[in-house]
Amino acid sequence: MTEPPADLGRLGVWSHLDSLPIERARDYARRVDELGFGMLWVPETVGREPFTLLGLLAGDTVEVRLGTSIVSIWGHDAQTTRMAALTLSEATGGRFVLGLGVSHPHLAERLRGHTFDRPLARMREFLAAYRSAIYKGPMAEGAAEPPVLLAALRERMLGLAATEADGAFPYLVTAERVAWIRVVLDTAAAEARKPRQPALAVSMPAVLETDAAAARATARAYLAPYLRTPAYRASWALQGFAEADWVAPGSDLLVDAMVAWGDAEALHARIGALVDAGADHVALIPLSPSGLTEHLPVLEALATV
């Protein structure tokens, strides 16, 4: 019998936290924990270093799991990544989840000075090196290895996520695409005779606003950098969008598909659509009117407790 996927909880939170001074970031993490969300994810961009940040938040939280979504394999070698993951697993009592990705050419090359090539092969090599990396530090008592999720949008990376990791964390996808991803993951896992079903986590940018013009203005502020990113353009094309949809500032069709907006009931309906399509976990990105990702009123309106 296939084992259930890694338990991330039905709802989580994804926030940069870079707009908050560290004490307010700690307060934010505590509030996410108090509200009963299953996960708090932080990305890696050009702000705080995510492993360090989660280490700082570990002592301010009790139940919520802490994860990276995602860290770039171009920015961390496999040995260092395993050391960081197991250190955080110990510090959190087994609450850490590792999200990995190949990032994007402009970030790997211009920002980090690497040559972006063969992303699938590079990720496969990284996972093998991560699994075999030496770690002689203490382990969290009774804790298993931290789950590893891969940022994946296309079939071959999704297959790798299903067979060599614990699941996938695609970004900016519709419920229809989630249903397709669910089939790809489960098929790959079954063919590889994996005992555990791959976890499928998705993010959902959310605006608690019923006025369409105001909601879309917030959504566009958030989506602006992604509209010019080739990987997301290619993904949107596969999801049925046209080039005109991602020409700045983005069409209403694309904006409404990528960012949920409305009252709490409408946002819950969008969450339900993603879960019904096959998502195990939905990470809310709570957007403020300016497009920042740490807007507590969204979370308080959608809290699981």
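The tour starts with the whole chain and then visits single residues.

This is a predicted model, in which local features need pLDDT of at least 70 and side-chain atom pairs count only at pLDDT 80 or more, while totals for chains, interfaces and linings use all residues. Residues are numbered from 1 along each chain as its sequence is written, and side-chain values use heavy atoms, with hydrogens and water left out.

**Whole chain**

Select the chain and colour by secondary structure: there are 13 helices and 10 strands, taken as DSSP runs numbered from the N terminus (helices are H or I, at least four residues; strands are E, at least two). The radius of gyration is 18 Å, close to the 19 Å from the globule rule for 305 residues, so the chain is as compact as a globular protein of that length. That radius is taken over C-alpha atoms, and the rule is 2.2 Å times the number of residues to the power 0.38. The C-alpha trace spans about 55 × 45 × 40 Å along its principal axes.

Of the 305 residues, 52% count as buried (buried is under 20% relative accessible area, exposed over 50%, partly exposed in between; 1.4 Å probe, protein chains only). Among contacts with a separation of 6 or more, 75% join residues 24 or more positions apart (contact means heavy atoms within 4.5 Å).

**Thr-61**

Next, select Thr-61, in the loop between α2 (50–58) and β3 (65–68). Which backbone oxygens lie 3.2 Å and 3.3 Å from a polar atom of its side chain? The 3.2 Å distance is to the oxygen of Leu-57, and the 3.3 Å distance is to the oxygen of Ala-58. Thr-61 is buried, at 6% relative accessible area. Not counting residues up to four places away in sequence, Thr-61 touches Ala-29, Arg-30, Asp-33, Leu-66 and Arg-95.

**Ser-203**

Move to strand β8 (residues 199–208), where Ser-203 sits. Is Ser-203 buried or exposed? Ser-203 is buried, with a relative accessible area of 8%. Show its contacts, leaving aside neighbours within four places in sequence: Phe-169, Pro-170, Tyr-171, Leu-172, Ala-283 and Ile-285.

**Arg-156**

Finish at helix α6 (residues 155–164), which holds Arg-156. Arg-156 is exposed, with a relative accessible area of 66%.

Definitions and conventions: Polar contact = N/O pair within 3.5 Å; in protein donor to acceptor, adjacent residues only side chain to side chain.
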